[in-house]
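Thanks for coming. I will go through one chain today, starting with its surface and ending with a few single residues.

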Amino acid sequence: MKKLTPEPGLCVKTKNLQTGSKVFVNVCKSTQIPAPREIDEDELTAIVQSEDPSDYRIPMCLGEPRTETDKSQNLCTVFDVTISSKFYERIRDSLLFRSFLVTVSIEGIEDKYNLQLEKNEWVILKNRQCIGSMVEVEIRKLAKPLVTELPNFIYEEIVPKFRMCKRSIGIATKSLEAEIFLPRVNCRDIVLDVGDDRIKLEAFESDHNHKYVLDVFIPVAIVSERTSARFLVNQKILFVTMPYADMDE
C-alpha cells in the first residue's frame, strides 16, 4: 500500500436533493493518478452525444464523505475527488472538460453512496480551492494503462480474446464450443452466464485491476441447461461447451 495526499484544485457546491443540505465536492489533483487518454473538445462533444458516453473514462479517486463547516459555520458534507495533475490542467483551461468532469464526479458519488445530488445547477466557488483539509488516502500499487476509482476500484473493461467453433458429439448431438483466454485470472473470479442465444462473462484480473467483459450473440439455439464449462488453470483458458438443437444449417 502507498499513501496519496491530494492537492487542492477547485471546489464545487451542489446539494443533496433528498435532504436539501449543502454538498461540496473538492476537485483535487495528484501526480500519482494517471491521466485519461488525450482527446480534444470535438472528440469529447461527440462522446457525450453518443449512445455510450462511458467510452471515455477518467481515472479518479472518490474519497469518503466527511462533515465540515461552510463559511457560515453550518454543517455540510464534503467529498474529495482526486484526478491526475496533468488532466487538472486540461479542465482548468476548458469549460467543456470542466463541466464534463464535474458531472462525472457527481454521478460517481451518487452511484457509490446511493445519493441524489443536483447535477444541473452546481456552482464552482470563487477564491476557494477546497472546503476543509485534504485527507490522506491509501492506495495499492497500480498497473498501467489504468482506468480506476480509488480506493474502491472501478476496473477497466477489456474484451478477452476468444474463439468459437461447432463440434459434433456422436451422431445426434452437436455443440458450440467457446475458448476464452483469461490471463492473470483465477477461477473464483469468473462469472459466466449462458442463455439461449448469448454468452456473457465477467472476470477480474487478480493483479492488474482490469475486468474482462464478454457479451456475444450465439448464432444457434443453445440448450442452456446442458451447458458445461471448465477452466484450465495453467493455460488460463475457459472452455464453454454449449449443446444446441440439431437443425438444418
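**Overview of the chain**

The chain has an accessible surface of about 14200 Å², and carbon and sulfur atoms account for 48% of that. Accessible areas here come from the Shrake-Rupley method with a 1.4 Å probe, and for residues only the protein chains shown count as cover.

Two notes on where this comes from. This is a predicted model, in which local features need pLDDT of at least 70, side-chain atom pairs count only at pLDDT 80 or more, and totals for chains, interfaces and linings use all residues. Residues are numbered from 1 along each chain as its sequence is written, and side-chain values use heavy atoms, with hydrogens and water left out.

The chain contains three helices and 17 strands. Helices (H or I, at least four residues) and strands (E, at least two) are DSSP runs, numbered from the N terminus.

How much of the chain is buried? Of its 249 residues, 41% are buried. Buried means under 20% relative accessible area, exposed means over 50%, and partly exposed is in between, with a 1.4 Å probe and protein chains only.

Now contacts, meaning heavy atoms within 4.5 Å. Taking the contacts between residues at least 6 apart in sequence, 59% join residues at least 24 apart.

**The cores**

In soluble globular proteins, nonpolar side chains tend to be buried together. A nonpolar core is a set of buried Ala, Val, Leu, Ile, Met, Phe, Trp, Tyr and Cys residues joined through side-chain atoms within 4.5 Å.

The largest nonpolar core has 26 residues, and those touching the most other members are V27, Y56, I58, I83, F87, I91 and L101. At least two residues of this core come from each of strand 2 (7-15), strand 3 (22-30), helix 1 (41-49), strand 4 (60-62), strand 6 (75-84), helix 2 (85-93) and helix 3 (95-113). Which element gives the largest share? Helix 3 does, with six residues.

Another core, of 21 residues, lies apart from this one; A203, Y212, V216 and M242 are among its members.

Back to Y56 for a moment. Leaving aside neighbours within four places in sequence, Y56 is in contact with P36, R37, I39, L44, I47, F87, F97 and F100.

**Helix 3**

Helix 3 has 19 residues and spans 27 Å from its first C-alpha to its last, close to the 27 Å expected at 1.5 Å a residue. The expected span is 1.5 Å times one less than the number of residues. Buried residues of helix 3 include F97, F100, L101, I106 and I109, and also R98 and E110. After the helix comes N114, with a positive phi near 55°.

**Strand pairs**

Two strands pair if DSSP finds at least two bridges between them. Strand 2 and strand 3 are antiparallel and share eight bridges; E7 has K29 in strand 3 as its bridge partner. Their hairpin has six residues between the strands, and G20 there takes a positive phi near 80°. Strand 2 is also joined to strand 7 (residues 123-124), in the antiparallel sense, by two bridges, with V12 opposite I124.

Q18 is in the loop between strand 2 and strand 3. Is Q18 buried, partly exposed or exposed? Q18 is partly exposed, because its relative accessibility is 47%. Not counting residues up to four places away in sequence, Q18 touches N114, L115 and Q116. Q18 and L115 are 97 residues apart along the chain, and 7.8 Å separates their C-alpha atoms.

Strand 5 (residues 66-69) and strand 6 run antiparallel, joined by four bridges, and T69 stands opposite L75.

Most residues other than glycine have a negative phi. Q73, in the loop between strand 5 and strand 6, is not a glycine but has a positive phi of about 65°. Q73 is exposed, at 57% relative accessible area.

N127 lies in the loop between strand 7 and strand 8 (137-139), and has a positive phi near 60°, again without being a glycine. N127 is exposed, at 87% relative accessible area.

Last, T241, in strand 17 (residues 237-244). T241 counts as buried because its relative accessible area is 13%. The side chains of T241 and E177 make a polar contact of 3.1 Å. A polar contact is a pair of N or O atoms within 3.5 Å; within protein, one must be able to donate a hydrogen and the other to accept it, and residues adjacent in sequence count only if both atoms are side-chain atoms.
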